[in-house]
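Here are a few friendly notes to read alongside the model. Please keep the sequence and the 3D view open as you go.

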Amino acid sequence: LAAHHESRFARLRGVLDGTGRTAVDLVPVLYSRELDISQIGFAIGETIAHLHCMLGRGEAQREIGADGVVRFTAA
């Protein structure tokens, strides 16, 4: 399980840069297959959980834009 999560963190680190991305933008990075409506909510929650863990590890930053949207960048 730990190795699985580390591979997910690596995928996110590979795409996070100076361009802010929302959790919804990042769902396809972790889930390459087509998701149905019930799976999308789960996938967004899992993506946010991974991003919050990365925040705690100092690997990501979170910014709230003037539009009120939360975006993530590399730390």
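1. Let's begin with Ser38, which counts as exposed because its relative accessibility is 56%; exposed means over 50% relative accessible area, buried under 20% and partly exposed in between (1.4 Å probe, protein chains only). Ser38 sits in helix α3; helices (H or I, at least four residues) and strands (E, at least two) are DSSP runs, numbered from the N terminus. Its side chain makes a polar contact with the side chain of Asp36, at 2.7 Å. A polar contact is a pair of N or O atoms within 3.5 Å; within protein, one must be able to donate a hydrogen and the other to accept it, and residues adjacent in sequence count only if both atoms are side-chain atoms.

2. A word on the source: this is a predicted model, where local features need pLDDT of at least 70 and side-chain atom pairs count only at pLDDT 80 or more, while totals for chains, interfaces and linings use all residues. Residues are numbered from 1 along each chain as its sequence is written, and side-chain values use heavy atoms, leaving out hydrogens and water.

3. Which residues of α3 are buried? They are Ala43, Thr47, His50, Leu51 and Met54. Seen down the axis of α3, the buried residues fall within an arc of 95 degrees (taken from the directions from the helix axis to the C-beta atoms), so they line one face of the helix. The face turned away from that buried side carries the exposed residues Ser38, Phe42 and Gly56.

4. Now look at Arg8 in helix α1 (residues 2-15). Arg8 is buried yet has no salt bridge, and the nearest side chain of opposite charge, Glu46, is 6.9 Å away. Here Lys and Arg count as positive and Asp and Glu as negative, with His and the chain ends not counted. A polar atom of the Arg8 side chain does lie 2.5 Å from the backbone oxygen of Leu30.

5. How many salt bridges does a search of the whole structure find? It finds five, a salt bridge being a side-chain nitrogen of Lys or Arg within 4 Å of a carboxyl oxygen of Asp or Glu. One of them joins the side chains of Glu6 and Arg57 (2.5 Å, N to O). This pair links helix α1 to helix α3, across 51 residues.

6. Another salt bridge pairs Arg71 with Asp67, their closest N and O atoms being 2.9 Å apart. Salt bridges with shared partners also join Glu6, Arg13, Arg57 and Glu59 into one network.
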